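User: I have a structure open here and would like to talk through a few spots in it. Could you take my questions as they come?

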Amino acid sequence: MRCGTMGVAILSGTLESLQSTKPSGEPAPSKWETHTPGTTTPRGDDATSLLPSRFLACVNREERIRALQKTFLSLGPLGSLVEVSAGKNVEAVQQADVILLCCKPQHARIILNESGMPEALEGKLLISILAGVTITQLKSFVNPTTRVVRAMPNTPCKIREGMTVVSTIPSSLEASRDQAIIFTIFSSIGRCTFLDEKHFDACTALSGSGPAFVCVFLEAMVDGGVMMGLPRAEALELAAQSLQGAARMALQPGAHPAQIKDAVTTPGGCTIAGLLTLEDGRVRSTIARTIQAATERASQLGQSMN
Ligand SMILES: NC(=O)C1=CN([C@@H]2O[C@H](COP(=O)(O)OP(=O)(O)OC[C@H]3O[C@@H](n4cnc5c(N)ncnc54)[C@H](OP(=O)(O)O)[C@@H]3O)[C@@H](O)[C@H]2O)C=CC1
Ligand SMILES: O=C(O)[C@@H]1CCC=N1
């Protein structure tokens, strides 16, 4: 894996999940040896043991190594399962069976074109989280035996509240096993769902970029509370927990955001006064257009590969 913001988020969440299954700090017995957030070596077929237990995190700059080691060790004893290296991508991939590609879209060509990389990737599962870079583009850099899958996670993976969309895997001898590996990794750090690749730019905008959009709304709510005299720390707690609570209600089976909103809105009360102000600001179309703009931009990001 290339271990930047998302690499750290995925790996931190995965380590937490391993830790919580084995609070003693000992790694749970695993059928997989893992390198990096997601580069795993199978040791058996037990679907209950698909979570990685050894990790190789690859970065570009030597000076990042110490900082990353510190980050992972701060998560607990399982942090020592992570081996961080710089400039050793091919060596890491040679040792792995599952590789998670987490670099910027424009760096993928350089990394996948490294001498020995296509050979190192032969027969292995390559999971790309790159925005806008298609499976067809990625396949053009690797040999036909490399199985390429796209995933779109988001930063809350770091606290195991992530949302990851995975591209549907065409049927093959390895398909169900690959699907089980990917689902096990990403569902251990949040929710995981499979969708056709044609939806990926929209998913990138909605859940990949979503935490940033939500945080603008959150900041604005906090500012409103501060404007009305609330201390900032308490305003943040009130706003963030309200967002979390409403979001969790919306995820309940059969729930609908409009019903949740209507239940809050007392006739003649203060909620409807606030809601009408929101509507005056064209908040719905602004937010929906935000997703549209981000989707359109996501579709252009793969062009830096060409
Ligand atoms: N940020 C987000 O919320 C999300 C991002 N994504 C996608 O994830 C990908 C990564 O994003 P993000 O984590 O934010 O980016 P970062 O810039 O934080 O991380 C990129 C990582 O790639 C490493 N890298 C660059 N070149 C090389 C190389 N030649 N060999 C090895 N490692 C290399 C960098 O190393 P070094 O640390 O040494 O610089 C860094 O660790 C992007 O493609 C993005 O589209 C997807 C979903 C959400
Ligand atoms: O802004 C970006 O391009 C990346 C993809 C999704 C979130 N961050």
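Predicted model: local features only at pLDDT ≥ 70, side-chain atom pairs only at ≥ 80, totals over all residues.

User: Which helix is Gln19 in, and what does Gln19 touch beyond its sequence neighbours?
Analyst: Gln19 belongs to helix α1, which covers residues 5-21, and, leaving aside residues up to four places away in sequence, Gln19 touches Gly76 and Leu78.

User: Switching to strand β5, which way do the side chains point?
Analyst: In β5, residues 98-101, Val98 and Leu100 point one way while Ile99 and Leu101 point the other way, and all of them are buried.

User: How many bridges join β5 to β6, and what stands opposite Leu101?
Analyst: Four bridges join β5 to β6, residues 125-128, and the two strands run parallel; opposite Leu101 stands Ser128 of β6.

User: And what surrounds ligand 2?
Analyst: Ala131, Thr204, Gly208 and Ser209 surround ligand 2, and this shell divides into one nonpolar, three polar and no charged residues.

User: What does UniProt place at residues 197-301?
Analyst: The unreviewed UniProt entry places the feature "domain: Pyrroline-5-carboxylate reductase dimerisation" there. Over residues 197-301 the chain is 80% helix and 0% strand, with the end C-alpha atoms 15 Å apart.

Methods:
Residues numbered from 1 in each chain as written. Chains lettered and ligands numbered in written order. UniProt positions renumbered as here; feature names shortened; annotations may be inferred. Contact = placed C-beta atoms within 7 Å. Near = placed C-beta within 6 Å. Nonpolar A, V, L, I, M, F, W, Y, C, P; charged D, E, K, R; others polar. Buried ≥ 20, exposed ≤ 12 C-beta atoms within 10 Å, placed from the backbone. Pairing = 2+ DSSP bridges.
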